[in-house]
Amino acid sequence: MTAVIDSLGPAEPGAPAEGGDVTEVASGWRLGLREFFSNKLAVAGLVILVFFVIFCYLGPMVYHANLVTVNLDVVNDPPGAGAPLGNYSDGFDVLGSLMAGGQISLEIGLLAALVAGALGTLWGAVAGLIGGWVDSLMMRIVDVFLALPFLLVVLIIGHRYGATVVNLSLILGIFSWLGPARLVRGEVLTLRVRDFVSAARVMGGSRRHLIYRHLLPNAMGTVIVNITFVIADSILALAALGYLGFGVKYPNTDWGDQISDGTNYLQDGYWWQVYPVAVCLVLLIMSFNMIGDGLRDAVDVRLRKR
Amino acid sequence: MAGYLARRFLTAIVVCLGVTLVSFVMLHIAAPNPGQAALGARASQAAIAAYDKQNGYDRPIPVQFVTYLNHFIHGQLGWSYKFNQSVNALFAEKTPLSAFLTGISLLLAVVIAIPLGIYQAVKRNGMLDAAATTVAFVLYSTPVYLVALILQHIFADQLGWVSANVSQDQSLAGALSDFKDLLLPILSLTAVAVAGFSRYQRSSSLDVLAQDYIRVARAKGLSERLVYTRHLLRNAILPTITLLGLYVPFFIAGNILIEYTFNIDGLGLLFINALTDEDYNILISYTLIGAILTVIGNLIADLALAAADPRIRIA
């Protein structure tokens with residue numbers, strides 16, 4: 001947008017502009033950000049997310065906990081001195097496990113969403129730009145993958161290949177790119193016939209220029225919104241895998257795994273083995289949903305005000 | 001309309017074929033050695049080779065796929081080595097209970113969420129709307145098994161109103177004789193589904209309420225009740241119909257997680273056990289049936305949408 005304003009600026013430097021002053025116009029991105037930060041829920045979500053990043057990554061530097069050796073003396077200890085949130089049935093510290101599990105959740109969620117975003121953007125952009133039978137074929141492939149029940153597929157593949165953080169992220173990402181692919185294709189299809197893209201084309205813009213300068217930046221808003229939800233879904237899927245016993249392997253630990261361990265003793269009243277990790281999981285998912293909703297409104301408003 | 005239907009059916013069939021191919025290849029990647037899985041880690045190479053030959057696992061993968069497809073189309077889902085029983089028989093045994101749990105949760109969720117969402121939109125920003133929106137937002141971010149665990153802790157462990165152990169009877173009639181104990185699984189699935197549906201229903205109702213035809217309906221003197229039932233409901237329900245089709249994978253996942261949590265002997269638990277045993281034919285049959293149900297769900301949603309929305313019906 002700024003580029004257009006610049007080219008329409010006064011012909012002689014310093015001469016008064018016709019039809020009022022030429023003022024600087026905030027870019028669409030900045031308007032969107034302003035909209036986002038005026039949304040209380042979205043900011044709350046961001047605050048929760050920042051809290052979890054600090055808690056999970058800086059926490060372990062301050063709070064050293066045993067998460068590796070079984071210690072029979074402190075098995076199932078309730079919250080108290082030495083263990084602010086108590087211990088699990090193997091003597092592992094709950095607070096320390098929360099930090100370690102949070103790291104895994106954040107990393108896998110982010111990595112899976114990046115894989116999904118990159119794959120989906122590429123696929124959708126190519127399908128939308130080429131069009132014709134290639135587009136039909138590519139979108140039928142998306143339909144096929146979309147029909148596969150996500151959890152079942154991730155369980156089957158993850159059961160054999162999901163032992164490491166990178167593998168699990170790749171598996172979750174490879175089955176999450178369908179949303180971004182559909183969105184980007186839709187955006188590209190509407191954008192390529194818009195006036196500003198036609199203008200860039202008649203001005204002699206190369207195909208490459210059109211894609212990188214006009215199509216992708218304008219499609220990016222919807223992709224980023226979707227990516228936020230993909231992060232939440234990946235963290236949820238990871239927790240489900242852990243809960244069912246097919247998550248990351250010892251010495252790594254994830255929140256679903258901890259919930260599953262804790263439920264064995266919930267009947268005995270060992271609430272600290274389930275509720276703290278449950279609260280963390282729900283809060284983190286909520287934060288991504290809040291941020292996603294906020295971003296969607298910001299992107300929407302930007303489009304509406306244009 | 002006929003053209004739309006034909007195109008829609010054709011796409012569904014093509015997608016189903018694609019899904020069969022993808023699941024088949026995927027399972028070959030995930031479980032490349034069915035003979036080893038069936039006979040155990042200490043089986044001799046000769047025994048494994050004999051097993052693979054007997055079951056056709058030694059033939060080229062395209063040949064295996066065509067054979068599999070032929071059997072699948074004729075309704076033969078193969079043999080489960082772990083149960084030494086046909087997958088058809090296993091599924092026939094366990095489907096009624098799972099289908100009942102999922103079906104009644106879906107039905108309850110629709111019956112609760114649609115009026116709730118519309119009510120929230122009509123009385124927006126009121127006390128009840130704020131409360132329902134908040135609860136729905138939290139529940140929407142909560143995994144279904146967590147809801148189940150918390151309900152179990154409160155109503156079974158603490159209050160003792162129901163038993164945490166659901167009837168182990170596989171038959172639907174047997175499980176229903178302890179209907180009280182099935183309440184928690186149904187409640188958990190319903191609660192999470194209502195959270196998803198009602199959020200959607202509320203926002204689509206808000207969109208419809210801002211339309212000119214609602215103002216026209218009020219201006220010509222229709223009672224509020226008629227405005228809501230004739231004009232609001234019929235239009236605001238359309239996006240929810242599409243959403244229902246998209247929720248099939250949610251219910252398949254929910255079925256697994258809920259049956260695992262409550263130890264209900266249905267299809268979901270069968271799948272989890274088959275995964276541990278690498279029981280090949282159960283895994284692929286379940287995935288395929290899940291995928292085909294998803295395609296059918298979307299198809300039904302599209303057809304229902306066409307039936308409900310004259311704009312699609314005529315175009």
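**Figure 1. Glu278(B) sits in the loop between H13 and H14 of chain B.** Helices here are DSSP runs of H or I with at least four residues, strands are runs of E with at least two, and both are numbered from the N terminus. This is a predicted model, in which local features need pLDDT of at least 70 and side-chain atom pairs count only at pLDDT 80 or more, while totals for chains, interfaces and linings use all residues. Residues are numbered from 1 along each chain as its sequence is written, and chains are lettered from A and ligands numbered from 1 in the order in which they are written. Glu278(B) isn't a glycine, yet its phi is positive, near 50 degrees. Most residues other than glycine have a negative phi. Glu278(B) counts as buried because it has 21 C-beta neighbours inside 10 Å. (Buried takes 20 or more other C-beta atoms within 10 Å of the residue's own, exposed takes 12 or fewer, and partly exposed is in between, with C-beta atoms placed from the backbone.)

**Figure 2. Asn263(B) in the loop between H12 and H13 of chain B.** Is Asn263(B) buried or exposed? Asn263(B) is exposed, because 11 other C-beta atoms lie within 10 Å.

**Figure 3. Where chain B meets chain A.** Chain A puts 30 residues into the contact and chain B puts in 34; a contact means that the C-beta atoms of two residues, placed from the backbone, lie within 7 Å. On the chain B side, the elements giving two or more residues are helices H1 (2-30), H6 (127-140), H7 (144-158), H12 (248-262), H13 (267-277) and H14 (280-308). H1(B) gives the most to that side, with 9 residues. As for make-up, the chain B side has 25 nonpolar, 8 polar and 1 charged. (Nonpolar covers Ala, Val, Leu, Ile, Met, Phe, Trp, Tyr, Cys and Pro; charged covers Asp, Glu, Lys and Arg; the others, Gly among them, are polar.)

**Figure 4. Val15(B), a residue of helix H1 of chain B.** Val15(B) is buried because it has 24 C-beta neighbours inside 10 Å. Which residues does Val15(B) contact, leaving aside neighbours within four places in sequence? From chain A, they are Arg140(A), Asp143(A), Val144(A) and Ala147(A), and from chain B there is Val295(B).

**Figure 5. H1(B) packing against H4(B).** H1(B) and helix H4 (residues 61-73) of chain B pack at about 125 degrees, with their axes 11 Å apart. (Axes are lines fitted to C-alpha atoms, for helices over the stretch in contact, and angles run from 0 to 180 degrees between N-to-C directions.) That angle makes H1(B) oblique to H4(B); under 35 degrees counts as roughly parallel, over 145 as roughly antiparallel, 65 to 115 as roughly perpendicular and the rest as oblique. The crossing of H1(B) and H4(B) is right-handed, a term for a near helix turned clockwise from the far one by less than a right angle, with anticlockwise being left-handed. H1(B) brings Thr20(B), Leu21(B), Phe24(B) and His28(B), while H4(B) brings Ile61(B), Phe65(B), Tyr68(B), Leu69(B) and Phe72(B). The tally for this contact is 7 nonpolar, 2 polar and no charged.

**Figure 6. H11(B) alongside H14(B).** The axes of helix H11 (residues 224-246) of chain B and H14(B) are 7 Å apart, at an angle of about 165 degrees. H11(B) and H14(B) are therefore roughly antiparallel to each other, and the crossing is right-handed. Among the residues making the contact are Ile237(B), Leu238(B) and Ile241(B) of H11(B) and Ile300(B), Ala301(B) and Leu305(B) of H14(B). The contact divides into 9 nonpolar, 4 polar and no charged.

**Figure 7. Inside the largest nonpolar core, with its 150 residues.** Such a core is a set of buried Ala, Val, Leu, Ile, Met, Phe, Trp, Tyr and Cys residues joined through C-beta atoms within 7 Å. The members touching the most others are Leu151(A), Val154(A), Ile156(A), Leu172(A), Ala237(A), Ala240(A) and Leu283(B). Helix H11 (residues 207-244) of chain A gives the most to this core, with 17 residues. Leaving aside neighbours within four places in sequence, Ala240(A) contacts Leu151(A), Gly256(A), Pro143(B) and Leu257(B).
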